[in-house]
Amino acid sequence: MRFVDDVKAKSRWCYGDDRPRTLLKTLLTDGTFAMACYRAMQWSQAHRLAPLAMVFNKLNAFFGQCIIGRGADFGPCFVLIHSQGVVINGSVRGGAHVYIEHQVTIGAEKYVSPRIGDHVFIGAGAKIVGAVTLGDHSRVGANAVVVHDVPAGATVGGIPARVLRQRSPGEDDDAGR
């Protein structure tokens, strides 16, 4: 079940392990409710239960303070570290181990949304807009505005975002602790 994978990944990210006691603590942290609503919405969409998906979408907006479009698709280990102010367009596609901080916007431009690779971290306040791809093992700094592709292993920051650091393929990456 993807939600279980999500909670374990968040537990490892926040507390360094995924033992039962830590998982319980993680269930009570900020952002976990929004993750649960997203996965319930995704499950409802997959089973053609659009009205139920809409309910989960609205619950997420009201209680989780997070708006994720009903068509958004993320792989396992999708983590909302903090959910307040997160807005994700419904046509966004994300890989596994995507970690998102608060106040992040991932949006479409001219009906084309970003694609997010595996093991990606998106910092607080970042804006990712349009037909861009975030490569595997990339990191987006706080308040960065991404309007161009981010290469695999790169750390970007600034307005507009530019590459600040480029990791080699074998170099350690902490975005998937």
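Helices are DSSP runs of H or I with at least four residues, strands are E runs of at least two, and both are numbered from the N terminus. This is a predicted model, in which local features need pLDDT of at least 70, side-chain atom pairs count only at pLDDT 80 or more, and totals for chains, interfaces and linings use all residues. Residues are numbered from 1 along each chain as its sequence is written, and side-chain values use heavy atoms, with hydrogens and water left out.

**View 1. Gln-42 in helix α3.** Helix α3 spans residues 32-46 and holds Gln-42. Gln-42 counts as buried because its relative accessibility is 16% (buried is under 20% relative accessible area, exposed over 50%, partly exposed in between; 1.4 Å probe, protein chains only). Its side chain makes a polar contact of 2.8 Å with the side chain of Asp-73. A polar contact is a pair of N or O atoms within 3.5 Å; within protein, one must be able to donate a hydrogen and the other to accept it, and residues adjacent in sequence count only if both atoms are side-chain atoms. Beyond four places in sequence, Gln-42 is in contact with Arg-2, Ala-72, Asp-73 and Phe-74 (contact means heavy atoms within 4.5 Å).

**View 2. Helices α1 and α2.** Helix α1 (residues 2-15) packs against helix α2 (residues 20-27) at an angle of about 100 degrees, with the axes 9 Å apart. Axes are lines fitted to C-alpha atoms, for helices over the stretch in contact; angles run from 0 to 180 degrees between N-to-C directions. The two helices are therefore roughly perpendicular (65 to 115 degrees; under 35 counts as roughly parallel, over 145 as roughly antiparallel, the rest as oblique). From α1, Phe-3, Val-7, Lys-8, Lys-10, Ser-11 and Tyr-15 meet Thr-22, Leu-23, Lys-25, Thr-26 and Leu-27 of α2.

**View 3. The parallel sheet.** Five strands form an open sheet in the order β1-β4-β7-β10-β13, with parallel pairing. Two strands pair if DSSP finds at least two bridges between them. At the edges stand β1 (66-68) and β13 (145-146), each pairing on one side only. Strand β4 (residues 86-88) pairs with β7 in the parallel sense over 2 bridges. Here Ile-88 stands opposite Ile-106 of β7.

**View 4. Val-132 and its surroundings.** Val-132 sits in the loop between β10 (127-129) and β11 (133-134). Val-132 is buried, at a relative accessible area of 3%. Residues up to four places away aside, Val-132 touches Pro-114, Arg-115, Val-146, Val-147, His-148 and Asp-149. Arg-70 is 62 residues from Val-132 along the chain, and their C-alpha atoms are separated by 20 Å.

**View 5. The β14-β15 hairpin.** Strands β14 and β15 run antiparallel and are joined by 4 bridges. Thr-155 stands opposite Arg-165 in β15. The hairpin has 4 residues between its strands, and Gly-158 in the turn has a positive phi of about 100 degrees. Pro-160 lies in the loop between β14 (154-157) and β15 (162-166). A cis peptide bond, with omega about -10 degrees, joins Ile-159 to Pro-160.

View 6. Most residues other than glycine have a negative phi. Cys-77, not a glycine, has a positive phi of about 65 degrees. Cys-77 lies in the loop between β2 (73-74) and β3 (78-80), and is buried at 8% relative accessibility. Lys-110, not a glycine either, has a positive phi of about 55 degrees. Lys-110 lies in the loop between β7 (105-107) and β8 (115-116), and counts as exposed because its relative accessibility is 74%.
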